[in-house]
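Hi everyone, thanks for making time this morning. Let me put the model up on the screen, and then we can walk through one of its chains together.

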Amino acid sequence: MSHQPPPSPGTPSTCMEMLQAILDGDATPEQQVQFKEHMEGCMPCYKEYNLEMVIKELLKTKCCGQCAPPELIDRIKSQIGSNAAS
Amino acid sequence: MTDEEKQDVTNRHSTENEKTEIFDKEFMPHINSMYNFAYRLTFDEDDANDLVQDTYLKAFRFIDSFEKGTNAKAWLFRILKNSFINDYRKKKKEPAKVDYQEVETFYNSEDVDRQITPDLRVEALQDMMGDEISNALNALDVDFRTVIILCDLEGFKYDEMAKILDIPIGTVRSRLHRARNLLKEKLTEYAKKMGYKNT
């Protein structure tokens, strides 16, 4: 039925699994090409991919960037110093 | 003794100076990510401080078991995650609000795997200028929150996440998939409140 060999264990077997692997940089170059071709003809996958990309990007820009308090850094450094000296 | 063996012995028994150097160069650069992780686990500044401090002191104590050249960040995140589970949760005598197995079984149902996309549009997300994303993340159960933090905020690969969390890669994938669906559900609620109608 299909020209593709059956997926080996641990490789993405459905569209959504493949989408996740692409999104997270876990897909092989061949899988990336294969998915890109698939997305051109598959609207749900295309929309889902764009949505997931936007969410991933938003998470990165809105939820990172918190700085550790300087007092915490000082406290750790001084504790290490005393440990090293003993 | 071959050169390789000599090198191996040197690696395992670092001098105090070498230890401090590894600590400063390999461990300290990750302090902001570590603090962000700790804060998003505990939602309390003092607890986050304690958790990060405990983690760094443990890392220093066990520095001989850290293999130079391997991923220091993943190693530190693993220690922090274990400290959170073993020390923090016990100290607080606060069992996880929901038993994770139950949650996983529940969300394994068809219900959560349905397509959520039609309710959530890219434009709605782009209008979320405030804390919506952060709040949606924080509203997730801790195990789901953790995989999103590790993957999307910190950029860990699946195999690294598997080691940090002590779970198989397959579980990383499925937990991440469910976490994202739950996050989208939250975001859909916010989008509705903002006046976006279903497409």
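This is a predicted model: local features need pLDDT of at least 70, side-chain atom pairs count only at pLDDT 80 or more; totals for chains, interfaces and linings use all residues.

Residues are numbered from 1 along each chain as its sequence is written, and chains are lettered from A and ligands numbered from 1 in the order in which they are written.

Now the overview. Chain B has twelve helices and zero strands; these are DSSP runs, H or I of at least four residues for helices and E of at least two for strands, numbered from the N terminus. Of the 199 residues in chain B, 33% count as buried. Buried here is 20 or more other C-beta atoms within 10 Å of the residue's own, exposed is 12 or fewer, and partly exposed is in between, with C-beta atoms placed from the backbone. If you take contacts in chain B between residues at least 6 apart in sequence, 76% of them join residues at least 24 apart. A contact is two residues whose C-beta atoms, placed from the backbone, lie within 7 Å.

Back to our helix pair. The axes of H3(B) and H5(B) come within 11 Å and cross at roughly 25°; axes are lines fitted to C-alpha atoms, for helices over the stretch in contact, and angles run from 0 to 180 degrees between N-to-C directions. The two helices are therefore roughly parallel. On that scale, under 35 degrees is roughly parallel, over 145 roughly antiparallel, 65 to 115 roughly perpendicular and the rest oblique. Residues of H3(B) in this contact include Phe37(B) and Leu41(B), and those of H5(B) include Leu80(B) and Phe84(B).

What about H4(B) and H5(B)? Their axes come within 9 Å and cross at roughly 120°, which makes H4(B) oblique to H5(B). This crossing is right-handed. Among the residues that meet are Leu51(B) and Thr55(B) from H4(B), with Ile79(B) and Ser83(B) from H5(B). The residues of this contact divide into seven nonpolar, two polar and four charged. For those classes, Ala, Val, Leu, Ile, Met, Phe, Trp, Tyr, Cys and Pro are nonpolar, Asp, Glu, Lys and Arg are charged, and the others, Gly among them, are polar.

Let's zoom out to the domains. Chain B is divided into domain 1 (3-91) and domain 2 (100-193), with bounds from an automatic or database domain assignment. Ten residues of domain 1 and eleven of domain 2 take part in the contact. On the domain 1 side, helix H3 (31-42) and helix H5 (72-91) of chain B each supply at least two residues.

Next, the partner chain. The contact takes 32 residues from chain B and 29 residues from chain A. The largest share of the chain B side, six residues, comes from H4(B). By class, the chain B side has 18 nonpolar, nine polar and five charged residues.

Now to H10(B). Why is this helix described as largely enclosed by the rest of the structure? Because nine of its twelve residues are buried, among them Phe144(B), Ile148(B) and Cys151(B). The cover over those buried residues includes helix H3 (43-63) of chain A, together with H3, H5, H9, H11 and H12 of chain B. Just after H10(B), Gly155(B) takes a positive phi of about 70°.

Two more backbone spots are worth a look. Most residues other than glycine have a negative phi. Phe43(B), in the loop between H3 and H4 of chain B, has a positive phi near 55°, and it is exposed, with 9 other C-beta atoms within 10 Å. Asp166(B) sits in the loop between H11 and H12 of chain B and has a positive phi of about 55°. Asp166(B) is exposed too, with 11 other C-beta atoms within 10 Å.

That's my tour; happy to chat.

Technical notes. A crossing is left-handed if the near helix is turned anticlockwise from the far one by less than a right angle, and right-handed if clockwise.
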